[in-house]
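Dear colleague,

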Amino acid sequence: MEHAADFARGLSIGIIMDGNGRWAKKRGLPRTAGHKRGAEVFQDITRYCNELGVASVYFYAFSTENWRRPAEEVGAIMRLFGDYLIKAFDYEKENNRVVFLGDRTALSAEYQRKMNEIETRTAHNTGMVLNVAVNYGGRQEIARAARLLAEEVRQGTLQPEQITEQLLSDRMYTAGQKDPDFILRPSGEKRLSNFMLWQAAYSELVEMDVLWPDFTRHDLDLAIEEFNRRSRRFGGI
(Lines give C-alpha, C1' and ligand atoms only; values in the text may rest on other atoms or scores of the structure.)
Protein backbone atom coordinates (compact mmCIF):
# COMPACT_ATOMS: atom_id res chain seq x y z
CA MET A 1 0.00 0.00 0.00
CA GLU A 2 1.24 3.46 -0.89
CA HIS A 3 1.37 6.01 1.94
CA ALA A 4 1.99 9.72 2.21
CA ALA A 5 5.57 10.50 3.18
CA ASP A 6 4.49 11.63 6.65
CA PHE A 7 2.09 8.71 7.27
CA ALA A 8 4.23 7.21 10.04
CA ARG A 9 7.57 8.96 9.73
CA GLY A 10 9.03 9.92 13.09
CA LEU A 11 6.40 8.08 15.14
CA SER A 12 7.22 6.22 18.33
CA ILE A 13 5.01 3.17 18.83
CA GLY A 14 4.57 0.84 21.80
CA ILE A 15 3.20 -2.62 21.04
CA ILE A 16 1.85 -5.13 23.57
CA MET A 17 2.17 -8.46 21.77
CA ASP A 18 -0.84 -10.27 23.21
CA GLY A 19 -3.00 -13.25 22.29
CA ASN A 20 -0.44 -15.92 21.39
CA GLY A 21 -1.89 -18.50 23.77
CA ARG A 22 -5.49 -17.86 22.74
CA TRP A 23 -4.50 -18.08 19.06
CA ALA A 24 -3.01 -21.52 19.64
CA LYS A 25 -5.92 -22.74 21.77
CA LYS A 26 -8.42 -21.78 19.07
CA ARG A 27 -6.51 -24.06 16.70
CA GLY A 28 -6.04 -26.94 19.10
CA LEU A 29 -2.29 -26.28 19.22
CA PRO A 30 0.05 -26.00 22.21
CA ARG A 31 0.53 -22.47 23.50
CA THR A 32 4.16 -22.64 22.39
CA ALA A 33 2.97 -22.72 18.78
CA GLY A 34 1.29 -19.38 19.33
CA HIS A 35 4.48 -17.88 20.70
CA LYS A 36 6.44 -19.16 17.68
CA ARG A 37 3.96 -17.60 15.28
CA GLY A 38 3.98 -14.39 17.35
CA ALA A 39 7.78 -14.19 17.05
CA GLU A 40 7.48 -14.42 13.27
CA VAL A 41 4.93 -11.59 13.26
CA PHE A 42 7.27 -9.55 15.48
CA GLN A 43 10.04 -9.81 12.91
CA ASP A 44 7.78 -8.83 10.02
CA ILE A 45 6.22 -5.87 11.84
CA THR A 46 9.68 -4.68 12.88
CA ARG A 47 10.78 -4.59 9.27
CA TYR A 48 7.57 -2.85 8.22
CA CYS A 49 7.98 -0.16 10.88
CA ASN A 50 11.47 0.43 9.52
CA GLU A 51 10.13 0.71 5.96
CA LEU A 52 7.52 3.24 7.10
CA GLY A 53 10.15 5.49 8.69
CA VAL A 54 9.00 4.91 12.27
CA ALA A 55 11.53 6.49 14.67
CA SER A 56 11.25 3.93 17.45
CA VAL A 57 9.14 0.95 18.43
CA TYR A 58 8.78 -0.68 21.84
CA PHE A 59 7.79 -4.35 21.86
CA TYR A 60 6.53 -5.91 25.11
CA ALA A 61 8.06 -9.38 24.79
CA PHE A 62 8.15 -10.78 28.34
CA SER A 63 6.86 -9.16 31.52
CA THR A 64 8.02 -9.56 35.11
CA GLU A 65 4.69 -11.32 35.72
CA ASN A 66 5.17 -13.85 32.90
CA TRP A 67 7.46 -15.96 35.10
CA ARG A 68 4.26 -17.20 36.79
CA ARG A 69 3.32 -19.16 33.69
CA PRO A 70 3.98 -22.92 33.43
CA ALA A 71 7.70 -23.72 33.29
CA GLU A 72 7.33 -25.39 29.87
CA GLU A 73 5.81 -22.27 28.38
CA VAL A 74 8.40 -19.97 29.96
CA GLY A 75 11.17 -22.22 28.66
CA ALA A 76 9.73 -22.12 25.14
CA ILE A 77 9.47 -18.32 25.23
CA MET A 78 13.07 -18.06 26.40
CA ARG A 79 14.26 -20.39 23.63
CA LEU A 80 12.45 -18.22 21.09
CA PHE A 81 14.10 -15.17 22.62
CA GLY A 82 17.46 -16.92 22.22
CA ASP A 83 16.69 -17.56 18.55
CA TYR A 84 15.84 -13.89 18.18
CA LEU A 85 19.12 -12.86 19.77
CA ILE A 86 21.01 -14.86 17.18
CA LYS A 87 18.97 -13.44 14.32
CA ALA A 88 19.03 -9.90 15.71
CA PHE A 89 22.35 -9.21 14.08
CA ASP A 90 20.47 -9.05 10.77
CA TYR A 91 19.00 -5.78 11.97
CA GLU A 92 22.44 -4.21 11.72
CA LYS A 93 22.04 -4.32 7.95
CA GLU A 94 18.83 -2.35 8.29
CA ASN A 95 20.63 0.30 10.37
CA ASN A 96 18.46 -0.37 13.44
CA ARG A 97 19.71 0.39 16.93
CA VAL A 98 18.64 -2.38 19.31
CA VAL A 99 17.91 -1.68 22.98
CA PHE A 100 16.73 -4.19 25.56
CA LEU A 101 14.51 -2.87 28.36
CA GLY A 102 14.07 -4.61 31.70
CA ASP A 103 16.01 -6.45 34.38
CA ARG A 104 18.25 -8.75 32.38
CA THR A 105 19.98 -10.16 35.49
CA ALA A 106 17.25 -12.83 35.73
CA LEU A 107 18.28 -14.20 32.33
CA SER A 108 21.09 -16.64 31.63
CA ALA A 109 24.66 -15.33 31.45
CA GLU A 110 24.81 -16.31 27.78
CA TYR A 111 21.69 -14.31 26.96
CA GLN A 112 23.00 -11.31 28.87
CA ARG A 113 26.28 -11.48 26.96
CA LYS A 114 24.44 -11.60 23.62
CA MET A 115 22.16 -8.72 24.60
CA ASN A 116 25.12 -6.56 25.58
CA GLU A 117 26.92 -7.46 22.36
CA ILE A 118 23.92 -6.60 20.18
CA GLU A 119 23.42 -3.25 21.92
CA THR A 120 27.11 -2.42 21.50
CA ARG A 121 27.28 -3.48 17.85
CA THR A 122 24.19 -1.46 16.90
CA ALA A 123 24.77 1.55 19.18
CA HIS A 124 25.97 3.82 16.36
CA ASN A 125 23.26 2.87 13.88
CA THR A 126 21.20 5.87 12.86
CA GLY A 127 17.94 4.24 11.81
CA MET A 128 14.93 3.10 13.80
CA VAL A 129 15.42 2.25 17.47
CA LEU A 130 14.12 -1.24 18.14
CA ASN A 131 13.30 -1.66 21.84
CA VAL A 132 12.57 -5.14 23.18
CA ALA A 133 11.16 -5.29 26.72
CA VAL A 134 12.22 -8.52 28.43
CA ASN A 135 11.61 -9.22 32.13
CA TYR A 136 10.13 -5.75 32.11
CA GLY A 137 7.51 -4.17 34.37
CA GLY A 138 6.46 -0.53 34.45
CA ARG A 139 6.23 -0.38 38.24
CA GLN A 140 9.57 -2.14 38.60
CA GLU A 141 11.12 0.40 36.22
CA ILE A 142 9.80 3.36 38.24
CA ALA A 143 10.97 1.81 41.52
CA ARG A 144 14.42 1.22 40.02
CA ALA A 145 14.63 4.85 38.87
CA ALA A 146 13.61 6.01 42.37
CA ARG A 147 16.33 3.85 43.93
CA LEU A 148 18.95 5.33 41.61
CA LEU A 149 17.94 8.86 42.62
CA ALA A 150 17.81 7.87 46.30
CA GLU A 151 21.37 6.59 46.04
CA GLU A 152 22.50 9.92 44.56
CA VAL A 153 20.84 11.71 47.47
CA ARG A 154 22.54 9.34 49.93
CA GLN A 155 25.91 10.08 48.35
CA GLY A 156 25.27 13.81 48.60
CA THR A 157 25.42 14.49 44.85
CA LEU A 158 21.71 15.38 44.68
CA GLN A 159 19.26 17.14 46.98
CA PRO A 160 15.68 15.85 47.28
CA GLU A 161 14.27 19.22 46.19
CA GLN A 162 16.30 18.96 42.99
CA ILE A 163 14.44 15.87 41.81
CA THR A 164 12.30 16.64 38.77
CA GLU A 165 10.24 14.66 36.30
CA GLN A 166 13.11 14.94 33.84
CA LEU A 167 15.60 13.48 36.31
CA LEU A 168 13.28 10.54 36.87
CA SER A 169 12.85 10.08 33.10
CA ASP A 170 16.62 10.08 32.75
CA ARG A 171 16.82 7.04 35.07
CA MET A 172 14.29 4.97 33.12
CA TYR A 173 15.35 2.18 30.78
CA THR A 174 14.17 4.45 27.97
CA ALA A 175 16.40 7.40 28.93
CA GLY A 176 17.05 9.68 25.99
CA GLN A 177 14.28 8.18 23.89
CA LYS A 178 10.96 9.61 22.80
CA ASP A 179 7.86 8.53 24.74
CA PRO A 180 5.47 6.44 22.63
CA ASP A 181 3.02 8.49 20.59
CA PHE A 182 0.58 5.62 20.86
CA ILE A 183 0.46 2.20 22.45
CA LEU A 184 -1.13 -0.59 20.45
CA ARG A 185 -2.97 -3.37 22.26
CA PRO A 186 -4.10 -6.22 19.99
CA SER A 187 -6.26 -9.12 21.22
CA GLY A 188 -9.23 -7.00 22.31
CA GLU A 189 -7.90 -6.24 25.79
CA LYS A 190 -8.13 -2.69 27.13
CA ARG A 191 -5.33 -2.32 29.67
CA LEU A 192 -1.64 -1.42 29.80
CA SER A 193 -0.65 -4.54 31.74
CA ASN A 194 2.23 -2.78 33.52
CA PHE A 195 3.76 -1.57 30.25
CA MET A 196 5.53 1.81 30.08
CA LEU A 197 3.47 3.33 32.89
CA TRP A 198 5.72 6.38 33.19
CA GLN A 199 6.20 6.95 29.48
CA ALA A 200 2.53 6.43 28.58
CA ALA A 201 1.31 9.52 30.47
CA TYR A 202 0.16 11.19 27.24
CA SER A 203 0.29 8.29 24.80
CA GLU A 204 -2.81 7.54 22.79
CA LEU A 205 -4.19 4.03 23.31
CA VAL A 206 -5.24 2.02 20.27
CA GLU A 207 -6.98 -1.31 20.88
CA MET A 208 -7.62 -3.83 18.12
CA ASP A 209 -9.65 -7.02 18.26
CA VAL A 210 -7.04 -9.17 16.53
CA LEU A 211 -4.74 -11.70 18.18
CA TRP A 212 -1.05 -10.93 17.77
CA PRO A 213 -0.24 -14.04 15.66
CA ASP A 214 -2.90 -12.86 13.18
CA PHE A 215 -1.60 -9.28 13.15
CA THR A 216 -0.60 -8.02 9.69
CA ARG A 217 0.99 -5.00 8.08
CA HIS A 218 -2.51 -3.90 7.09
CA ASP A 219 -3.55 -3.99 10.75
CA LEU A 220 -0.63 -1.72 11.60
CA ASP A 221 -1.73 0.65 8.84
CA LEU A 222 -5.20 0.76 10.40
CA ALA A 223 -3.73 1.46 13.85
CA ILE A 224 -1.60 4.32 12.50
CA GLU A 225 -4.58 5.72 10.62
CA GLU A 226 -6.59 5.66 13.86
CA PHE A 227 -3.80 7.49 15.67
CA ASN A 228 -3.49 10.07 12.90
CA ARG A 229 -7.17 10.91 13.34
CA ARG A 230 -6.69 11.68 17.04
CA SER A 231 -6.38 15.22 18.38
CA ARG A 232 -3.62 15.35 21.01
CA ARG A 233 -4.02 18.28 23.42
CA PHE A 234 -1.66 17.24 26.24
CA GLY A 235 -3.96 18.76 28.82
CA GLY A 236 -4.64 21.94 26.83
CA ILE A 237 -7.64 22.94 24.76
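Predicted model: local features only at pLDDT ≥ 70, side-chain atom pairs only at ≥ 80, totals over all residues.

**Notes on the structure**

Residues are numbered from 1 along each chain as its sequence is written, and side-chain values use heavy atoms, with hydrogens and water left out.

**The strands and the loop between them**

β5 and β6 run parallel and are joined by four bridges, and two strands are said to pair if DSSP finds at least two bridges between them.

In the loop between β5 (182-185) and β6 (204-207) lies S187, which has a positive phi of about 80 degrees although it is not a glycine. S187 is buried, with a relative accessible area of 6%, and, leaving aside residues up to four places away in sequence, it touches D18, G19, R22, M208, D209, V210 and L211, where contact means heavy atoms within 4.5 Å.

N135, in strand β4, also is not a glycine and has a positive phi, of about 50 degrees. Its relative accessible area is 6%, and N135 is buried.

**Helix α5**

Helix α5 (residues 138-155) has 18 residues and reaches 26 Å from its first C-alpha to its last, close to the 26 Å expected at 1.5 Å a residue; the expected span is 1.5 Å times one less than the number of residues. Which residues of α5 are buried? They include G138, E141, A145 and L149, and, seen down the axis of α5, its buried residues fall within an arc of 70 degrees, so they line one face of the helix. That arc is taken from the directions from the helix axis to the C-beta atoms.

On the other side of α5, R139, R147, R154 and Q155 are exposed. The cover over the buried residues of α5 includes β4 (129-136) and α6 (165-169), and after α5 comes G156, whose phi is positive, near 85 degrees.

**The nonpolar cores**

A nonpolar core is a set of buried Ala, Val, Leu, Ile, Met, Phe, Trp, Tyr and Cys residues joined through side-chain atoms within 4.5 Å. Of the 45 residues in the largest such core, F81 and Y84 touch the most other members. Not counting residues up to four places away in sequence, F81 touches F100, L107, Y111, M115, V132 and V134. Apart from this core lies another, of 13 residues, among them I183, F195, M196 and A200.

With best wishes

Methods:
Helix = DSSP H or I, 4+ residues; strand = E, 2+ residues; numbered from the N terminus. Buried < 20%, exposed > 50% of the residue type's maximum accessible area, 1.4 Å probe, protein only.
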